[in-house]
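Open the model in a viewer and keep the selection panel to hand. The stops below say what to select next and what is there.

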Amino acid sequence: MKLNNNYSQILNMCRSIFKRVLIFVCACMATATMAAEEKVVFAIASDIHCPSIPEGGDNLTAFVKAARKHKADFMIELGDFCGLDDKSKPFRDTWNSFPGDKYHVIGNHDMDAYNADEYVKGMGMPGRYYSFDKGNFHFIVLDGNNLFDGQTYTHYQYGNFYRPYEQRAYLDPEQLEWLRADLAATDKKCVIFSHQSIDTYMNNGAHVRQILEEANRDAGFKKVVLAFSGHNHSNYTKVINDIIYIQINSASYVWCDVPTNTEARYPKEINDRYGNILKYSITYDAPLYGIVTLTDSGVKMKGRKARFKSPQPSEVGLGDTIDGLPLVSVIEDVDMKF
């Protein structure tokens with residue numbers, strides 16, 4: 001009888017040890033699976049307009065600091081950044097202080113005083129459109145800064161883009177063919193960056209989306225998974241034919257196109273210095289940017305929330321939207337599967 005009791009105790013002990021070992025092995029396997037799912041982390045901002053508002057330099061500094069803090073694999077700005085003149089040199093120096101890779105997208109206001117060749121060279125860009133790989137992802141930078149009068153495509157330069165909307169914001173035919181070929185040449189999942197939004201603002205955006213969707217059909221898997229854009233100074237996320245489109249709000253302000261009583265927001269010397277940008281805009285009390293984490297299974301972005309500096313939009317007669325887009329001072333978090 002005593003032997004049977006001893007045997008029972010030993011058996012129970014073995015079961016307990018086996019259970020603990022099994023739990024440990026499962027935990028190790030789960031950890032290994034998570035580690036095997038390689039991550040790409042990057043910091044993203046748009047429409048910082050460094051020289052155009054009083055907080056421009058501070059907003060850029062905060063963005064670069066965040067990229068360092070999160071050990072980003074790279075950082076990218078989606079256009080309307082700064083100039084090439086001496087006035088903008090401190091902003092370029094701040095940008096270049098980030099020790100990792102960094103990428104620019106051309107914005108329309110980057111062409112206020114330059115042509116594309118000058119800006120590309122001055123910013124050290126590979127070209128006005130280009131692509132690069134990080135981890136398991138292929139990233140594509142597009143240039144929507146082209147005029148089209150019905151016959152001829154002309155790149156923005158020296159402020160020539162102040163035309164009727166229907167003539168602005170096109171990808172030129174050469175770039176469309178390059179995009180098609182670049183997508184076909186990779187087996188990685190692809191992420192698109194552009195200044196103008198492919199989903200709402202780019203005038204031949206439907207053609208661009210068709211190329212992206214055809215690449216997915218030809219590949220037999222969801223190759224193009226995500227597209228980021230700026231320009232609209234708004235925030236939203238939408239899905240069109242299985243591709244996620246994320247609008248990145250301006251890091252600095254919303255353009256309202258009506259007077260915003262900025263005299264109550266800044267002292268006279270500041271308003272005199274920055275002129276119509278402040279007169280027709282409402283700035284934020286904190287910079288907006290996102291920290292994006294990509295894995296094979298999806299995208300997570302940690303956004304930021306700020307407040308409009310008073311007077312608030314409602315106090316100057318504005319509603320919740322401008323031109324149908326959300327009038328907000330945030331970049332919302334995103335957590336979506338591919």
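Begin with all cysteine sulfurs: a search of the whole structure finds zero disulfides, a disulfide being a pair of cysteine sulfur atoms within 2.5 Å. Select C82 and C50 to see one case: the sulfur of C50 is the closest cysteine sulfur to that of C82, yet at 5.4 Å it is too far for a bond. C82 is buried, at 6% relative accessibility; buried means under 20% relative accessible area, exposed over 50%, and partly exposed in between, with a 1.4 Å probe and protein chains only. C256 also counts as buried, at 5%.

A note on the model before moving on. This is a predicted model, in which local features need pLDDT of at least 70 and side-chain atom pairs count only at pLDDT 80 or more, while totals for chains, interfaces and linings use all residues. Residues are numbered from 1 along each chain as its sequence is written, and side-chain values use heavy atoms, with hydrogens and water left out.

**Whole chain**

Show the protein chain as a cartoon: there are eight helices and 20 strands. Helices (H or I, at least four residues) and strands (E, at least two) are DSSP runs, numbered from the N terminus. Of the 338 residues, 49% count as buried. Take the contacts between residues at least 6 apart in sequence: 71% of them join residues at least 24 apart, where contact means heavy atoms within 4.5 Å.

**First sheet**

Select β3, β2, β1, β14, β15 and β20. In that order, these six strands form an open sheet with mixed pairing; two strands pair if DSSP finds at least two bridges between them. The edges are β3 (101–104) and β20 (334–337), each with a single partner strand, so one side of each has no neighbour in the sheet. From one strand to the next, the twist averages 20°. Axes here are lines fitted to C-alpha atoms, for helices over the stretch in contact, and angles run from 0 to 180 degrees between N-to-C directions.

Zoom in on β2 (residues 74–77) and β3, which pair in the parallel sense over four bridges. M75 has K102 in β3 as its bridge partner.

Next, select T295 in strand β14 (residues 290–295). T295 is buried, at 11% relative accessibility. Leaving aside residues up to four places away in sequence, T295 touches E37, E38, K39, F137 and F338.

**Two loop residues**

Which residues does I48 touch, not counting those up to four places away in sequence? Select I48 in the loop between β1 (40–45) and α2 (56–69), then show G56, N59, L60, G79, D80, F81, A251 and S252. I48 is buried, with a relative accessible area of 1%. Y289 is 241 residues from I48 in sequence, but their C-alpha atoms are 9.5 Å apart in space.

Move to T262, in the loop between β12 (253–255) and α7 (268–274). T262 counts as buried at 3% relative accessibility. Beyond residues up to four places away in sequence, T262 touches N271, L278 and K279.

F139 has V191 in β8 as its bridge partner.

Finish with side chains: L176, L179, R180 and L183 in α5 meet H207, V208, I211, L212, E214 and A215 in α6.
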